[in-house]
Amino acid sequence: MSIEVLELYAGYGRGDVLAACELRVEPGEVLGVIGPNGAGKSTLVRVLTRRLAPRSGGVTVDGRALARIGRLELARSLAVVPQLPELPAGFSVRELVAMGRTPHLGLLRPERVEDRRAVDRALRATDTVALADREATRLSGGERQRVVLARALAQRPRYLLLDEPTNHLDLRYQVEMLEYTRREVDRGVGALVVLHDLNLASRFCDRLVVLQAGRVVAQGTPTQVLTEALVSRVYGTRVDVHTIGARPLVVPHLPEGALAADP
Amino acid sequence: MAPVVLSLVALVVVLVAAASVGSVAIRPFALVAAVVDGVQGHAHGPAETIVWQLRLPRVLLAALVGSALALAGATFQGVFRNPLADPYLLGAASGAGFGASAVLVLAGSVPWLTRLGVPGAAFACALATVVLVMVLARRDGGLPAVSLILAGVVLGSILSAGTSFLMLAARDRAAGILSWLLGSFAFASWDRVLSVLPLLVVATVPLLLAGRALDVMQLGEESAAQLGVPVERVRLALLAAATLATAAAVAVAGVIGFVGLVVPHAVRLAFGARHMRLLPLSALWGAVFLVLADLFARTVLAPAELPVGIVTALVGGPFFLLLLRRQRSR
């Protein structure tokens, strides 16, 4: 049981954006995907959400080829929190979260008790119960992102795919998003999270995959992966790595002259 | 459920009122008697005949056309996620207008056009125009919204130019064309009611069932697809059904504007944006709106009639401008 990416080649036009990409997400773990801009993170997300067909190699979900899985069935096992979610006007939070039940209902069947229960559970799991009757477009950015996560959880998926879920959020909401996700993972969900912030990735992920120019250049626990040598090389800038709370902390290495004077 | 029941009651009240009012006022009791007699196939007095032969088909046709246009409008707005979309966005109106003008001008000299008749030509040209727009807008097996709208606008302009040309070329027929283009229920008959009814049922049933699909599609194509909705197929099916409803409505009543644009907005403001409610309520209030507009059109200058499209535009125009202002200030 896992999502497996094997020997994946994918891209647009002539070149390959992903070359021989391999990774694996197991239930009950958070796999972080990191790498500089243009490394292929977004392309990987596009392949996993079937917006881009691989050139060769492939993806399996619980042993079955991604391309062969039915739409509704795929949506029942893999839920996506997109990078820039759209929340239409005129819908309450509860109504939006209930849309997460679509893969279980199809387009015609009316809601059942178990659907309402799944929605209630998703609202509780993301602390959005108090917002349930508010119109979603009136919420703050952080609250909206929680609503989108709640919609994904209402799908009751086995895997979560989060594409930079902490973008544009302030510190508190970043931490909350990752905490809610962690709780689901503790219940057996497998999560693949694309993250920009190396230190959030370090704290939050069980394992990390580092992409550079479409290739996986390192894979392992944050401690194994986030070394001064590797991060400096991949990101093309010198960093210092400290250890705080048993996890690596990456700090840009600025030359003496570039540091702000300490008054 | 309550809003639907409330709206149904409103529709029945409006239908009864509209059937009672006219050059000859008819008391509700006589109305019921006329309906009973008519259904049994024998109308007695002159009042019963007026009700059964003139008023009822006219009121019912206005209700059917109004509900078809409003439902199609709500569907177009939902599919394109654009509040300014209306049933004529993809060229159905200009196609129908061109077809109707061609018959009005050429009838007499081209026998098969005469046999097709104005409603037949309007229906066929409306459908053909939208199909052509879809063919022109196809990109890599998909139907991107932007190219659909552009193709619809451009083809619509070409056909409108054709209609204008026909009006100038046959000046003696221009008034007839213009009054058809503005829409009217003056030619309502049971034949017309019964000829559009099956088309509207076929088009309406899938649209009324599309509530969840349209709701989820408001999240954007990507998210809808990730929730398991076959976005392209659903969009094509809904556009086809909405176009069928629009073409049938335009064929029997001419081009009546603003119903399909304004009614869904009013319903959305009053009852919320969820399509499971919005679609049936748009159909009901579209019927109410157009029955009242037609009542106004045939009574305000009686015995003369206003084209009903002028009445809907007089009410709908200002509302539309208000909407535009709100859109901009956002």
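Axes here are lines fitted to C-alpha atoms, for helices over the stretch in contact, and angles run from 0 to 180 degrees between N-to-C directions. Two packed helices are described by the angle between their axes and the distance between the axes. This is a predicted model, in which local features need pLDDT of at least 70, side-chain atom pairs count only at pLDDT 80 or more, and totals for chains, interfaces and linings use all residues. Residues are numbered from 1 along each chain as its sequence is written, while chains are lettered from A and ligands numbered from 1 in the order in which they are written.

Start with a helix pair in chain B. Helix 12 (residues 259–271) of chain B packs against helix 13 (residues 275–299) of chain B at an angle of about 125°, and their axes lie 9 Å apart. That makes helix 12 of chain B oblique to helix 13 of chain B. Angles under 35 degrees count as roughly parallel, over 145 as roughly antiparallel, 65 to 115 as roughly perpendicular and the rest as oblique. The crossing of helix 12 of chain B and helix 13 of chain B is right-handed. A crossing is right-handed if the near helix is turned clockwise from the far one by less than a right angle, and left-handed if anticlockwise. Helix 12 of chain B brings residues including Val263(B), Val267(B) and Phe271(B) to this contact, and helix 13 of chain B brings residues including Leu281(B), Trp285(B) and Phe289(B). By class, the contact of helix 12 with helix 13 of chain B has 11 nonpolar, 2 polar and 2 charged residues. Ala, Val, Leu, Ile, Met, Phe, Trp, Tyr, Cys and Pro count as nonpolar, Asp, Glu, Lys and Arg as charged, and the others, Gly among them, as polar.

Now the second pair. The axes of helix 5 (residues 111–137) and helix 11 (residues 231–253) of chain B come within 8 Å and cross at roughly 150°. Helix 5 of chain B and helix 11 of chain B are therefore roughly antiparallel to each other. Their crossing is right-handed. Among the residues that meet are Phe123(B) and Leu127(B) in helix 5 of chain B, and Ala247(B) and Val250(B) in helix 11 of chain B. The contact of helix 5 with helix 11 of chain B has 11 nonpolar, 2 polar and no charged residues.

The loop between helix 11 and helix 12 of chain B holds Phe258(B). Phi of Phe258(B) is near 75°, a positive value in a residue other than glycine. Most residues other than glycine have a negative phi. Phe258(B) is buried, with 23 other C-beta atoms within 10 Å. A residue is buried if 20 or more other C-beta atoms lie within 10 Å of its own, exposed if 12 or fewer, and partly exposed in between, with C-beta atoms placed from the backbone.

Turn to chain A. Chain A has 10 helices and 12 strands. These are DSSP runs (H or I for helices, at least four residues; E for strands, at least two), numbered from the N terminus. Of the 263 residues of chain A, 41% count as buried. Arg50(A) has a positive phi of about 65° although it is not a glycine. Arg50(A) counts as partly exposed, with 17 C-beta neighbours inside 10 Å.

Where do the chains meet? In chain A, 19 residues are in contact with 19 residues of chain B. Contact means C-beta atoms, placed from the backbone, within 7 Å. The largest share of the side of chain A that touches chain B, 3 residues, comes from helix 2 of chain A.

Terms used. Contact = placed C-beta atoms within 7 Å.
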